[in-house]
Amino acid sequence: MLKRQKTFQNNLAKIYMVGVPIGNFDDMSIRAINTLKMVDMIYCEDTRVTRKLLAHFDITKPLHSYHTFNENELTENILNLVQNGKNIAIVSDAGMPIISDPGYLAVREAINKQIDVVVVPGPSAFVTALVGSGIPSNRIVFTGFLNSGDNKRKNELQKLKDLTDTLVLYESPHRIKETLTMLSSLMPDRRICLARELTKTYEEYLHGTPQEILAVADELKGEMVIIIEGATLKEINQDLINGSLNEHMQHYLDQGFDEKEAMRLVAKDRGTSKSNIYQELKRK
Ligand code: SAM
């Protein structure tokens with residue numbers, strides 16, 4: 001069933017998803033301050049972190065914790081409160097709620113119950129990093145945090161490697177060395193940007209290859225985002241040429257080409273004739 005939300009055409013209580021700074025309190029918007037002053041209560045990740053932010057702006061409101069571990073149980077209660085006339089805000093420790101943070105369930109269920117969701121936009125680390133990266137942002141894939149296990153993370157990167165879109169990831173300082181090592185072997189020639197401690201005193205952007213950034217990895221502390229230039233077609237083709245003939249054929253078959261056309265494309269990539277490819281495949 002189609003649902004239409006005309007946010008500001010009624011006086012019903014609402015749920016407010018409020019963006020907060022990613023480090024520099026001066027990035028708090030006037031609308032975010034006014035919203036947090038207006039709502040009946042605020043749900044946040046770590047009450048100590050949000051209390052500091054509220055104190056800075058002289059806001060006193062009942063605070064409740066809402067995080068990955070109690071999101072499932074609390075969402076229903078929060079939405080019941082809104083249906084009973086309470087305006088409620090959800091904030092993260094930093095940046096926009098939901099972006100690698102809790103809040104998605106609340107929005108999904110609010111939409112199901114036809115409760116208005118008001119997003120009060122604020123900074124987000126990945127958008128900030130992307131803008132400062134000098135890497136194309138017209139097509140991006142945002143993965144948030146990859147798996148914390150080294151093997152799983154490497155597999156994820158292996159799968160993302162051939163995307164021509166810019167790749168945007170969040171990474172922890174504890175894993176940055178391993179991740180840069182993986183990037184150095186999987187995509188050695190890519191331009192990457194590591195943006196850390198954005199909007200804070202030690203803000204830094206490192207622009208270079210994975211290997212160049214790896215060389216100074218021991219100095220890299222704090223919160224960080226990695227922006228990786230997408231694969232070029234030349235790079236993807238080189239990988240295919242270096243791989244087996246069957247894998248190369250499969251690459252084109254997976255894209256929906258028939259066998260004849262796939263053979264023609266493989267021959268073209270390898271600088272040989274279609275009949276050579278045919279003979280070679282028959283020999284296997
Ligand atoms: N909701 C947040 C947002 O909108 O960006 C992201 C929350 S996520 C749990 C935290 C991660 O975001 C950090 O580990 C880091 O990768 C990134 N991050 C947050 N603040 C940052 C900052 N000031 N500089 C660089 N990265 C930051």
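I started with the pockets, and the space taken by the ligand is the largest pocket. I note here that the model is predicted.

Next I looked up which elements line this place. Strand E7 (166-171) and strand E10 (224-228) are the elements that give two or more residues to the shell around the ligand.

I then listed the neighbours. The ligand is surrounded by 19 residues, and the closest are Asp101, Ser124, Ala125, Tyr170 and Met224. By type, I sorted the shell into eleven nonpolar residues, three polar ones and five charged ones.

Which atoms come close to the oxygen atoms of the ligand?

- Ala125 has a backbone N or O atom 2.8 Å from an oxygen atom of the ligand.
- Tyr170 has a polar side-chain atom 2.6 Å from an oxygen atom of the ligand.
- Met224 has a polar backbone atom 2.6 Å from an oxygen atom of the ligand.

I also looked up the cover: on its own the ligand has 570 Å² of accessible area, and the protein covers 91% of this.

Last, I checked the backbone angles. Most residues other than glycine have a negative phi. Gln114 is not a glycine, yet I read a positive phi of about 55 degrees for it. I located Gln114 in the loop between helix H4 (104-112) and strand E5 (117-120). Thr199 is not a glycine either, and its phi is positive, at about 70 degrees. The loop that holds Thr199 runs between strand E8 (192-196) and strand E9 (204-208).

Note on methods. Residues are numbered from 1 along each chain as its sequence is written. This is a predicted model: local features need pLDDT of at least 70, side-chain atom pairs count only at pLDDT 80 or more; totals for chains, interfaces and linings use all residues. Side-chain values use heavy atoms; hydrogens and water are left out. A residue is near a molecule or strand if one of its heavy atoms lies within 4 Å of it. A polar contact is a pair of N or O atoms within 3.5 Å; within protein, one must be able to donate a hydrogen and the other to accept it, and residues adjacent in sequence count only if both atoms are side-chain atoms. Accessible areas come from the Shrake-Rupley method with a 1.4 Å probe; for residues, only the protein chains shown count as cover. On a 1 Å grid over the protein atoms alone, a cavity is a set of points where a 1.4 Å probe fits but cannot get out, and a pocket is an open set with protein on both sides within 12 Å along at least five of seven lines; lining residues have an atom within 4 Å of a point. A molecule sits in a cavity or pocket if more than half of its atoms lie within 2 Å of its grid points. Helices (H or I, at least four residues) and strands (E, at least two) are DSSP runs, numbered from the N terminus. Ala, Val, Leu, Ile, Met, Phe, Trp, Tyr, Cys and Pro count as nonpolar, Asp, Glu, Lys and Arg as charged, and the others, Gly among them, as polar.
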